[in-house]
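Please look over the structure shown below.

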Amino acid sequence: MAQSPRLQCLILHGRFAEAPLRSPSSSAGKCERGAVTKCQLGLLSLTRRHERSPVCFTQPQQVALTMRIHCKVVVITVCFGVFLLLYFLGGNAADDPLLREVAEQEEKKKEEESNSSRRSHSDFGRNVAEKFAKKSPVEEPLQGRKERKAINRGVNAKTKPRNIVGRPLTKRKREKDVMHLAVVACGNRLDETLTMVKSALLFSLKRIMFHIFAEDPLAPQFEKRLNQWPHSISSKFQYRIYPITFSVGNADEWKKLFKPCAAQRLFLPVILKDVDSLLYVDTDVLFLRPMDDIWSFLKSFNSTQLAAMAPEHEVPKIGWYSRFARHPFYGVTGVNSGVMLMNLTRIRSTLFKNSMIPSGLSWEDILHPLYQKYKNHITWGDQDLLNIIFHYNPECLFIFPCQWNYRPDHCMYGSNCKGAEKEGVSILHGNRGVYHDDKQPAFKVVYDAICDFPFEDNMFQSLFYPIQTKFLDTVNTLCGRIPQVFLKQIEKTMRKAFDEKVVRHVRHN
């Protein structure tokens, strides 16, 4: 008897329910060609009543369904891979400080253009536009060129810098992102000065502008030696070389005050009129941590402070000023000027109290009268004059801890710099000529290691480990018996620099 299509589908449905694991190619699992559509309609209605009822498909339909599923899986996998790629690329780009800075500049530019556009639709905007229309369109570029010329030529022809190397400052490297360091070198101080410069560059993060004041015979030697340094180092700094000049008084007298050319530091606010802030150091100074850290003390100045120095001594009973000075000095033990952080803008605009006239005097006007009054009573030259100035103006001085100007005096009479014992030496000041004799070998070990360190070598292998090893020969000396004071900070600094270099290398790769 002939069976209707509906009946055939029901029969097939019953067979699938009885034997669900049979191959779809068997005769019991097939739907007739002419009854497929009606069969599917019937099964659809049955599915509403029976959740597990199977649907019949022809073999071509099964193949097509399988292909569609495979295509969907491939598309989803590809989309997911593209998403991950964009995510990582976007994360790396977001971490790039240069890209971030460029993006900030673009966003700021768009915001300014948007604000300008909104203002142009108001009456106020039209008035502003008229005022700006009166200004010459080339005024801003000309002003920029004048500022650049002023930076390059210094104050006048006498103080014109001899050379500038390194990449020029760009918008991305604004002036506030550059640290300024000044040093005065005369006589046989060439190698000592270059070692100081080297120590500053090894650890510092921001770029540095070096202002080198040198006698005429030393200037070409500085240029030659600095230009021989590898590009990876020279790209981190610029330098300018100035002749020795004094703006007031007798130049020969100033030049012979205490040590050759040492008085030059007194005239830095007058000569470097384009510089806002500056760190001055003696040639016998070594940085054992980034210069950025002492530079950050500028943010700690209050509204009246304009310079920072460390005490000359920590113990009044053995301090030189507290025992022998014949002139006024700052505080209880005086201050040491071998490391001096200055806000030159504030110094130039301040009138300093003094014992000579009731009214205050500017920095340039007070130097020569002070020298004339006390020249027969000062032993340490320009440092004594600074102590006299800040004796009458104590509110102008910021005092930083002794580890930022650590000298043999801090260890040869017993350890008396508690900050260095706790944190380690930040800046080593080898006065008394200890870098070049055997009186305090602990200082000489550090100096020789930095002087001999090859650029771009591993700092632990070629710098820290030699210092650590050679310190074993100094443990019986006055300063060598506390090696942790010399080694703690430099190890911490080099470990941090090494970690950052490795992380940066991994990110780039």
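## Arg407 and its surroundings

In this predicted model, Arg407 is in contact with Pro311, Glu312, Asn336, His429, Asn431 and Phe443, leaving aside its neighbours within four places in sequence. Arg407 is found in the loop between S8 and H17. Arg407 counts as buried because its relative accessibility is 0%, under the 20% cut-off. The side chain of Arg407 also reaches the backbone oxygen of Asn405, at 3.3 Å.

One of these contacts, Glu312, is a salt-bridge partner of Arg407, with the closest N and O atoms 3.8 Å apart. The pair links distant parts of the chain: Arg407 sits in the loop between S8 and H17, while Glu312 sits in the loop between S6 and helix H13 (320-324), 95 residues apart. Glu312 has a relative accessibility of 10% and therefore counts as buried.

## Asn416 in the loop between S8 and H17

Asn416 lies in the loop between strand S8 (397-399) and helix H17 (418-423). Is Asn416 buried or exposed? At 9% relative accessibility, Asn416 counts as buried.

Not counting residues up to four places away in sequence, Asn416 touches His313, Glu314, Val315, Ile318, Asp409 and His410. For Asp409, the side chain of Asn416 reaches the backbone oxygen at 3.3 Å. For Glu314, the C-alpha atom is separated from that of Asn416 by 6.5 Å, although the two residues are 102 apart along the chain.

## Strand S7 and its partners

Strand S7 covers residues 335-343 and is mostly covered: nine of its nine residues are buried. Which strands pair with S7? Strand S4 (residues 277-281) pairs with S7 in the antiparallel sense over five bridges, and strand S6 (residues 307-311) runs antiparallel to S7 and is joined to it by four bridges.

Val281 has Val339 of S7 as its bridge partner. Ala307 stands opposite Met342 in S7.

## Other salt bridges

A search of the whole structure finds 11 salt bridges. Among them is the one in which the side chains of Asp293 and Arg289 meet, at 2.9 Å from N to O. Asp293 is partly exposed, with a relative accessible area of 25%, whereas Arg289 counts as buried at 16% relative accessibility.

The side chains of Glu491 and Arg495 also meet in a salt bridge, at 3.2 Å from N to O. Glu491 counts as partly exposed at 28% relative accessibility, and Arg495 counts as partly exposed at 43%. Because Glu491 and Arg495 are four residues apart in helix H20 (residues 483-508), about one helical turn separates them.

Val74, Val78, Val82 and Leu86 make a nonpolar surface patch of about 360 Å². Val82 has its place in helix H3, which spans residues 59-95. How does Val82 come to qualify for a patch, where residues need over 30% relative accessible area? The relative accessibility of Val82 is 43%, so it passes that cut-off and counts as partly exposed.

## The chain as a whole

The protein contains 20 helices and nine strands. Of its 509 residues, 43% count as buried. The protein exposes about 28,600 Å², and carbon and sulfur atoms supply 56% of that area.

Which share of the contacts with a separation of 6 or more comes from residues 24 or more positions apart? Such residues account for 72% of those contacts.

Definitions and conventions
Residues are numbered from 1 along each chain as its sequence is written. This is a predicted model: local features need pLDDT of at least 70, side-chain atom pairs count only at pLDDT 80 or more; totals for chains, interfaces and linings use all residues. Side-chain values use heavy atoms; hydrogens and water are left out. Patches are made of residues with over 30% relative accessible area and no salt bridge: like charges are joined within 9 Å, nonpolar side chains (Val, Leu, Ile, Met, Phe, Trp, Tyr) within 5 Å. Accessible areas come from the Shrake-Rupley method with a 1.4 Å probe; for residues, only the protein chains shown count as cover. A salt bridge is a side-chain nitrogen of Lys or Arg within 4 Å of a carboxyl oxygen of Asp or Glu. Helices (H or I, at least four residues) and strands (E, at least two) are DSSP runs, numbered from the N terminus. Buried means under 20% relative accessible area, exposed over 50%, partly exposed in between (1.4 Å probe, protein chains only). Contact means heavy atoms within 4.5 Å. A polar contact is a pair of N or O atoms within 3.5 Å; within protein, one must be able to donate a hydrogen and the other to accept it, and residues adjacent in sequence count only if both atoms are side-chain atoms. Two strands pair if DSSP finds at least two bridges between them.
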